[in-house]
Amino acid sequence: MRPIVTQLPSAQDLSDQILHHLTHTQGRGPEFATIFDWRLAISYTIRDQIVTPWMRNHRTSRNQGLKRVYYLSMEFLIGRILGDAIINLGLDQQMDAALDILDLDKQAILGDEPDAALGNGGLGRLAACFMESLSTLGVPAYGYGIRYEHGLFRQRFEGGQQVEAPEDWLNQPHPWEFVRVDYSYEIGFKGHVETVDGRTVWHPGESVIARAYDTPVVGWKGRWANTLRLWGAQPTNLFDLHRFNSGDHAEAAKPEALARTLSRVLYPDDTTDSGKELRLKQEYFLTAAALQDILRRYMDEHGDDLTGLPDKVAIQLNDTHPAIAGPELIRLLMDEHGYGFPEALQIARATLNYTNHTLLPEALERWSTWLMGRVLPRHLQIIEMIDAEHRTSTRRPGHVGILKDDQVLMGELAFIMANKVNGVSALHTDLVRSTVFYDLNKLHGEKIVNETNGVAPRRWLRMSNPPLAKLLDATIGTEWTGDLDQLRLLEPHATDPAFLDALHAAKRQNKVALSQGLLADLGLKADPDALFDVQVKRMHEYKRQLLNILETIALWHRIHESPNGDWTPRLKIFGGKAAPGYWLAKSVIHLINDVAATINKDPVTAKYLQIAYPPNYNVSMAEKLIPAADLSEQISTAGKEASGTGNMKFTMNGALTIGTLDGANVEIRELVGPENFFLFGLTAEEAAAEKAKPGHARAAIEKSENMKIALQLIAEGRFGRAESYFSVLDRTWNDDPFLVASDFDAYFDSQRQVDAAYRDTRDWDRMAVLNIARSGYFSSDRTIRGYMADIWHVEPAPGL
Ligand code: NBY
């Protein structure tokens with residue numbers, strides 16, 4: 001392909017175009033413009049720059065008949081778009097200068113953009129990083145998701161307790177999307193199935209229209225841009241005019257109501273939902289719209305013979321949420337295009353792949369056959385056919401299957417319908433083979449592969465950490481941004497005092513910014529030289545925020561015992577939301593906030609220990625917290641965290657990790673070197689054995705002075721009425737399924753090693769350099785290359 005010679009606009013060009021959009025798109029003169037008007041004008045200016053490569057790439061893929069990747073995900077946790085787009089287009093300097101010309105404050109402009117919070121946590125953020133890396137690598141791809149009107153709820157604290165409020169990002173114009181009224185598909189639900197002349201016909205009882213909203217996703221250096229296509233639901237008939245005119249206004253609006261609820265709100269549970277009909281409908285809505293779109297595009301480009309589909313189409317199912325894609329693709333091939341079941345099955349299986357993100361039994365999706373049969377009657381029939389075929393062909397009639405105890409097991413369905421199944425870290429993939437899919441793996445030995453997660457270095461390093469990015473550019477050049485392995489070039493600098501000083505200064509700059517911003521807003525006076533110890537992620541028992549706060553309490557107690565001791569000053573930062581119905585996680589939030597309130601006003605320990613829990617942790621907050629962290633808390637019960645991706649972001653930003661041998665921690669530790677990582681706790685195998693011992697919790701607590709003290713202080717009501725956390729205490733003493741007690745002493749001791757290590761600033765900074773230098777593996781570019789080679793068998797567009 002010919003080289004791309006796009007001329008970057010100058011600062012003056014940009015400022016002219018911003019003024020143009022301000023006037024002609026926003027309809028505002030500069031003297032009246034609000035920050036919002038300016039942000040939109042700037043966003044349109046940047047969007048214009050993306051549209052050119054976007055359309056060119058679209059033509060290339062189409063004209064050359066390239067194979068495409070389709071990433072189906074119920075979640076895309078994008079966050080803000082503007083800053084990332086500026087960086088990827090290589091326009092940061094020009095834009096800074098343009099904003100100077102216009103006398104605008106860049107941070108205020110960027111900060112005005114609402115987060116697109118269309119995801120819960122790691123799974124959704126992974127999808128967003130993958131979209132960026134697919135574009136960076138020049139792989140023709142579409143992301144398919146739902147255009148939720150309300151993303152993940154907003155969190156605030158009242159009396160230390162989580163209160164949820166609806167998120168409302170679309171109550172203002174969203175400048176990044178293009179609505180495609182021409183790409184609309186009808187999606188049916190319910191109704192009945194009938195066989196006419198040997199052909200099966202499903203007559204849905206209700207239906208909605210899926211309408212496409214496209215957001216271009218630009219990759220590094222603006223060389224390629226793909227489409228994130230989000231579906232919004234529209235009513236098939238606006239309303240029943242007859243009914244309306246006869247005065248029955250509520251009944252007349254019913255079709256509209258169904259449509260509006262379908263894409264209204266993201267389910268806020270980061271494990272799994274309890275079989276809600278609306279959730280199943282959302283999953284089918286996304287999947288059915290995506291598959292119709294994929295088949296339409298394939299037939300446009302390659303004609304009506306769908307047997308060649310797997311040569312041009314690779315579909316990735318992000319967890320089981322879109323796993324209805326298997327039966328739906330078979331349905332389309334059989335009922336709409338006339339293929340027989342065996343052929344349809346074979347085409348579908350060669351096209352679909354499935355990523356597993358969890359081993360937690362309560363998080364594995366299952367739907368009652370009753371609900372499935374009511375909402376998707378034809379699909380239930382097809383699921384029964386797939387199940388029967390699988391039992392016959394594997395000669396395991398009474399064995400592993402999709403249907404069990406009147407339930408449809410979505411993991412089994414996804415597995416059986418997939419060409420490849422992948423785990424998201426080396427350890428997790430091993431556990432996928434040996435636990436959840438033990439039987440199926442024995443039947444299909446080659447199916448499971450590992451693709452360790454990664455994160456996009458453009459957003460998570462270059463954009464979010466300007467002081468470090470600048471230092472890296474000056475030390476090893478700028479190529480690391482598109483080739484993160486180049487961070488290795490830093491290693492020789494680990495012994496260079498001048499470089500270590502510069503690195504220390506960069507980290508300190510981020511800590512000062514956090515102290516003067518977010519932390520000051522919380523009413524906290526943070527010492528930027530204290531150790532910033534950060535645990536940010538969804539609130540979940542297996543992630544063990546409880547272990548962290550109990551250790552904090554024990555430490556507080558120890559400081560009280562010798563207030564003149566040589567303690568290492570520490571700021572503990574927590575961030576994260578609990579699913580609204582997850583009572584235990586919510587009482588841990590309450591506990592952390594109450595402990596913070598007590599400890600933060602204790603004059604005896606003030607020099608040494610503070611706690612911050614800023615509410616409403618989201619992508620934008622992560623971009624501030626991670627670059628300011630010295631210590632990354634990755635302390636899940638071994639065997640429970642599939643991978644983690646926050647752990648990778650911290651490592652590349654020069655935080656050291658305190659962690660268990662879980663998920664990708666294992667690989668992080670191997671790569672950065674065990675001597676540059678604070679390891680503690682039981683292994684996955686030991687944890688499983690420990691859990692099987694009756695009375696393990698009580699036995700472990702009895703052995704641990706520090707744990708006993710922490711629990712006692714809580715029970716005495718030192719932080720608030722003990723009854724508030726009774727359920728937490730009770731569970732810890734009597735059940736403790738995530739082994740907080742068994743790992744407590746190891747964690748406490750490891751934290752004291754952290755204290756000691758942090759006092760040797762030179763050596764800490766040296767370890768930080770080695771963490772950064774060896775983190776290149778955790779670029780999502782590497783992950784995507786793995787999927788390309790092992791799963792999708794696609795190439796970047798020629799010339800990229
Ligand atoms: O996926 C996370 C894993 O916990 C983490 O270890 C991993 O790094 C990450 C990316 O692979 N899983 C996760 O975030 N899951 C969800 O957010 C989620 C959301 C919804 C539902 C289930 C899981 N659901 O069933 O509705």
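Figure 1. Lys 649 sits in helix α25, which covers residues 646-652. The structure shown here is a predicted model. According to UniProt, in an unreviewed entry, Lys 649 carries the feature "modified residue: N6-(pyridoxal phosphate)lysine". Lys 649 counts as buried because 30 other C-beta atoms lie within 10 Å, and the cut-off for a buried residue is 20 or more. When neighbours within four places in sequence are left aside, Lys 649 is in contact with Val 455, Trp 460 and Ile 626.

**Figure 2. The two domains and the side of domain 1 that touches domain 2.** Domain 1 consists of residues 65-80 + 115-453, and domain 2 of residues 457-778. Their C-alpha centres are 35 Å apart. Contacts join 37 residues of domain 1 to 34 residues of domain 2. On the side of domain 1 that touches domain 2, two or more residues each come from β2 (76-79), α6 (122-136), β5 (154-158), β6 (161-165) and α17 (426-434). Helix α6 gives the largest share, 5 residues. Sorted by class, this side of domain 1 holds 12 nonpolar, 15 polar and 10 charged residues.

**Figure 3. The buried residues of helix α17.** In α17, the buried residues are Leu 427, His 428, Thr 429, Leu 431 and Val 432. These buried residues pack against two strands, β17 (420-423) and β18 (448-450). They also pack against two helices, α26 (665-672) and α27 (684-692). Helix α17 is also one of the elements that give two or more residues to the side of domain 1 that touches domain 2.

**Figure 4. The open sheet of 9 strands.** The strand order is β7-β10-β11-β4-β1-β12-β13-β17-β18, and the pairing is mixed. Strands β7 (178-189) and β18 are at the edges; each has a single partner strand, so one side of each has no neighbour in the sheet. From one strand to the next, the twist averages 25°. At one end of the order, β17 and β18 pair in the parallel sense over 3 bridges. Gly 423 has Asn 450, in β18, as its bridge partner. Helix α10 (residues 277-302) lies across several strands, including β1 (68-72), β4 (141-146) and β12 (313-318). Helix α10 also lies across β7, running at about 120° to that strand.

**Figure 5. The open sheet of 3 strands.** Here the order is β14-β16-β15, with antiparallel pairing. The edge strands, β14 (366-368) and β15 (403-404), each pair on one side only. Between β15 and β16 (residues 407-409), the antiparallel pairing runs over 2 bridges. Lys 404 is placed opposite Gln 407 in β16. Helix α16 (residues 410-417) lies across β14 and β16, at about 45° to β16.

**Figure 6. Leu 102 in helix α4.** Leu 102 belongs to helix α4, which covers residues 92-102. It counts as partly exposed because 19 C-beta neighbours are inside 10 Å, whereas a buried residue has 20 or more. Apart from neighbours within four places in sequence, Leu 102 is in contact with Ser 15 and Ile 18. Between Leu 102 and Gly 477, the separation is 375 residues in sequence and 31 Å in space, C-alpha to C-alpha.

Note on methods: Residues numbered from 1 in each chain as written. Predicted model: local features only at pLDDT ≥ 70, side-chain atom pairs only at ≥ 80, totals over all residues. UniProt positions renumbered as here; feature names shortened; annotations may be inferred. Helix = DSSP H or I, 4+ residues; strand = E, 2+ residues; numbered from the N terminus. Buried ≥ 20, exposed ≤ 12 C-beta atoms within 10 Å, placed from the backbone. Contact = placed C-beta atoms within 7 Å. Domains from an automatic or database assignment. Nonpolar A, V, L, I, M, F, W, Y, C, P; charged D, E, K, R; others polar. Pairing = 2+ DSSP bridges. Axes fitted to C-alpha atoms, helices over the stretch in contact; angles between N-to-C directions.
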